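Here is a short briefing on one protein chain. Take a look at the sequence and the structure first, then read on.

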Amino acid sequence: MNTPKRYLITAALPYANGLKHIGHLAGAYLPADIYVRYLKAQKRDVVFVCGSDEHGTAIPIQATKEGTTAQAIIDKYHPIIEQNFKDLGIEFDIYHRTSDPLHHETASAFFKDLEAKGDLETKTSEQYFDEATSTFLADRYIKGTCPNCSHPEAYGDQCEKCGKSLSPEELINPVSTLSGQAPIKKETTHWYLPLNKHEDFLRQWILNDHAKDWRAAVVGQCKSWIDGGLLPRAVTRDLDWGVKVPLASGAGKVLYVWFDAPIGYISATKQWALNNGKDWTPYWNDKETKLVHFIGKDNIVFHCIIFPIILKAHGGYILPSNVPANSFLNLEGEKLSTSRNWAIWLHEYLEDFKGQEDSLRYVLCATAPESKDTDFTWKDFQARNNNELVAIFGNFINRVIVLTNKYWDGIVPPQNDLEDYDKEVLEKLKEFPEKIGSSIEKFRFREALQELIGLARLGNKYLADTEPWKLKKINEKRTETIIHISLQIAASLSILSHPFLPFSSKKLKDMLNLNDVNWDDAKNYNLCIGKQINKAELLFSKIEDETIEKQIKKLK
């Protein structure tokens with residue numbers, strides 16, 4: 001397969017209506033960051049875009065809860081979310097906002113283009129209306145009894161108890177969340193995207209062209225939608241918060257958030273280009289660009305069906321090469337829930353585990369819900385940190401650097417005559433960059449991480465088998481070779497751990513006095529003989545039982 005000329009990587013735009021938790025991180029942002037860091041370590045041309053999704057009903061609903069305005073809500077949460085991501089090493093090239101004028105302009109232009117070409121239809125229908133507040137009610141402003149599980153607090157789009165997708169018409173005894181009164185039905189006109197007219201294109205593009213290289217869950221969900229028969233979908237809403245419909249006949253209406261939000265990737269790329277004196281168009285218009293969307297499984301239909309139809313109808317835009325959607329991460333055996341506060345919030349983790357950002361990245365990658373829902377538990381977090389990061393990776397690095405400083409004052413010893421075992425270890429060492437890289441390129445991040453810890457295991461075994469601390473007085477030259485090879489393994493670990501553990505990777509590179517290295521250097525990176533390395537620092541800290549008990553108690 002030809003290497004793409006450039007890459008555009010997107011991570012789902014998080015709603016700026018509240019704080020984010022580890023489920024969000026595991027779903028889209030951590031895998032995207034790992035992939036981007038790997039590509040950049042290979043000196044590829046990559047742009048990584050994201051930003052806050054600041055429209056849709058979730059924002060004004062939160063504003064009502066907090067007794068403030070929608071603008072105040074997005075201005076409050078946007079910087080917190082951006083900072084939390086940054087503090088956990090998620091390194092976007094731009095973190096934009098859909099409230100930005102450039103985004104409003106870009107989304108409006110898309111709508112006008114599709115409308116002018118006849119790619120949108122107008123339809124008049126009856127929708128729920130709250131007479132007390134003179135408001136057409138979006139799905140989230142309607143509550144009632146779920147027809148599936150009888151939960152009395154189901155929303156007009158979904159029951160949060162049983163998870164079933166709903167329409168307001170299916171609710172039993174619906175009421176408006178604005179006034180508490182039963183709504184009436186009233187006529188309103190909206191613009192619709194006729195998804196049904198694009199079924200043949202979707203069948204060919206997803207079910208044929210990408211049946212083998214996309215994740216089975218993604219293709220399966222798309223297939224069930226297409227086979228079920230696609231229907232025209234409204235792209236406007238009767239709301240006063242969002243991108244205004246740019247037509248005289250659209251007064252009092254805004255673009256549906258799932259029309260405007262994915263266009264946020266384009267407006268973010270435009271802003272990145274403006275900030276950096278670049279041209280944004282090759283990243284969206286050139287077929288030699290590889291576009292990858294990182295999302296959670298609840299966003300598959302929007303990224304694989306609706307947004308591609310919008311791009312195709314507009315013309316001139318590339319389609320995603322892959323959409324590696326993750327399933328959901330559960331917490332201690334239960335579904336993560338913001339409303340029930342059943343979550344580990346990113347800002348709280350950062351406060352409680354200062355300096356242990358990589359521990360969370362490691363465990364979330366090791367337990368990533370790549371093909372099915374998985375479970376995060378505090379006990380597993382502790383075990384993986386202590387038994388893998390501290391006891392395997394950290395232990396190997398500490399021993400090698402301490403021995404180098406103890407025996408040679410931190411000067412890298414020479415590699416003398418090699419025994420068969422040394423040659424075998426060096427041959428294995430050469431295989432890791434390709435093994436790890438191949439797994440990352442296939443979006444198998446758990447597998448890639450297992451290979452990385454496998455390299456640390458190789459180093460530990462090599463030291464345990466050769467016992468250089470026993471040889472030093474008997475055979476100086478043999479000891480020099482063992483430590484030299486061990487330092488090569490440490491150097492490779494510093495390079496190959498960078499996508500997964502960026503903070504520890506940097507710390508290790510500083511200890512080894514390494515700079516300006518790239519991915520391929522890990523195959524046989526030769527630390528210069530006679531080079532000075534620095535003193536050992538602990539890469540990872542052990543997590544004690546009382547720390548974990550405190551977190552479990554906080555949850556409950």
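This is a predicted model: local features need pLDDT of at least 70, side-chain atom pairs count only at pLDDT 80 or more; totals for chains, interfaces and linings use all residues.

**Overall build**

- The protein chain has 18 helices and 16 strands.
- Its radius of gyration is 27 Å, close to the 24 Å that the globule rule gives for 556 residues, so the chain is as compact as a globular protein of that length.
- Along the principal axes, the C-alpha atoms fill a box of roughly 90 × 50 × 40 Å.
- Of the 556 residues, 55% are buried.
- Take the contacts with a separation of 6 or more: 76% of them join residues 24 or more positions apart.

- Side chains of opposite charge can pair when their charged atoms come close.
- A search of the whole structure finds 35 salt bridges.

**Arginine 97 and aspartate 75**

- These two side chains meet in a salt bridge, at 2.8 Å from N to O.
- The pair links distant parts of the chain, 22 residues apart. Arginine 97 sits in strand 3 (residues 94-97), and aspartate 75 sits in helix 3 (residues 70-87).
- Arginine 97 has a relative accessible area of 22%, so it counts as partly exposed.
- Aspartate 75 is also partly exposed, with a relative accessible area of 38%.

**Arginine 478 and glutamate 419**

- A salt bridge joins arginine 478 to glutamate 419, and their closest N and O atoms are 3.4 Å apart.
- Arginine 478 lies in helix 16 (residues 476-496), while glutamate 419 lies in the loop between helix 12 (378-408) and helix 13 (420-441), so the pair ties together parts 59 residues apart in sequence.
- Is arginine 478 buried or exposed? Arginine 478 is buried, with a relative accessible area of 10%; the cut-off for buried is under 20%.
- Glutamate 419 is partly exposed, at 43% relative accessible area.

**Glutamate 427 and lysine 430**

- The side chains of glutamate 427 and lysine 430 form a salt bridge of 3.6 Å, N to O.
- Both residues belong to helix 13, three residues apart, so about one helical turn separates them.
- Glutamate 427 is partly exposed, with a relative accessible area of 46%.
- Lysine 430 is partly exposed as well, at 38% relative accessibility.

- Rolling a probe the size of a water molecule over the atoms shows where empty space is left.
- The structure holds four cavities of 30 Å³ or more.

**The largest cavity**

- Its volume is about 50 Å³.
- The lining is made up of Ala26, Leu30, Pro31, Ile34, Asn326, Leu364, Cys365, Ala368, Glu370 and Phe445.
- Helix 1 (22-41) and helix 11 (357-366) are the elements that give two or more residues to this lining.
- Which element gives the largest share of the lining of the largest cavity? Helix 1 does, with four residues.
- By type, the lining has eight nonpolar residues, one polar and one charged.

**The second largest cavity**

- This cavity has a volume of about 40 Å³.
- Its lining consists of Ala217, Val218, Lys297, Ile300, Ala325, Asn326, Ser327, Glu370 and Ser371.
- Here the lining residues divide into four nonpolar, three polar and two charged.

Technical notes:
Residues are numbered from 1 along each chain as its sequence is written. Side-chain values use heavy atoms; hydrogens and water are left out. A salt bridge is a side-chain nitrogen of Lys or Arg within 4 Å of a carboxyl oxygen of Asp or Glu. Buried means under 20% relative accessible area, exposed over 50%, partly exposed in between (1.4 Å probe, protein chains only). On a 1 Å grid over the protein atoms alone, a cavity is a set of points where a 1.4 Å probe fits but cannot get out, and a pocket is an open set with protein on both sides within 12 Å along at least five of seven lines; lining residues have an atom within 4 Å of a point. Grid points are joined across faces, edges and corners, and a volume is the space filled by probe spheres set on the points. Ala, Val, Leu, Ile, Met, Phe, Trp, Tyr, Cys and Pro count as nonpolar, Asp, Glu, Lys and Arg as charged, and the others, Gly among them, as polar. The radius of gyration is taken over C-alpha atoms; the globule rule is 2.2 Å times the number of residues to the power 0.38. Contact means heavy atoms within 4.5 Å.
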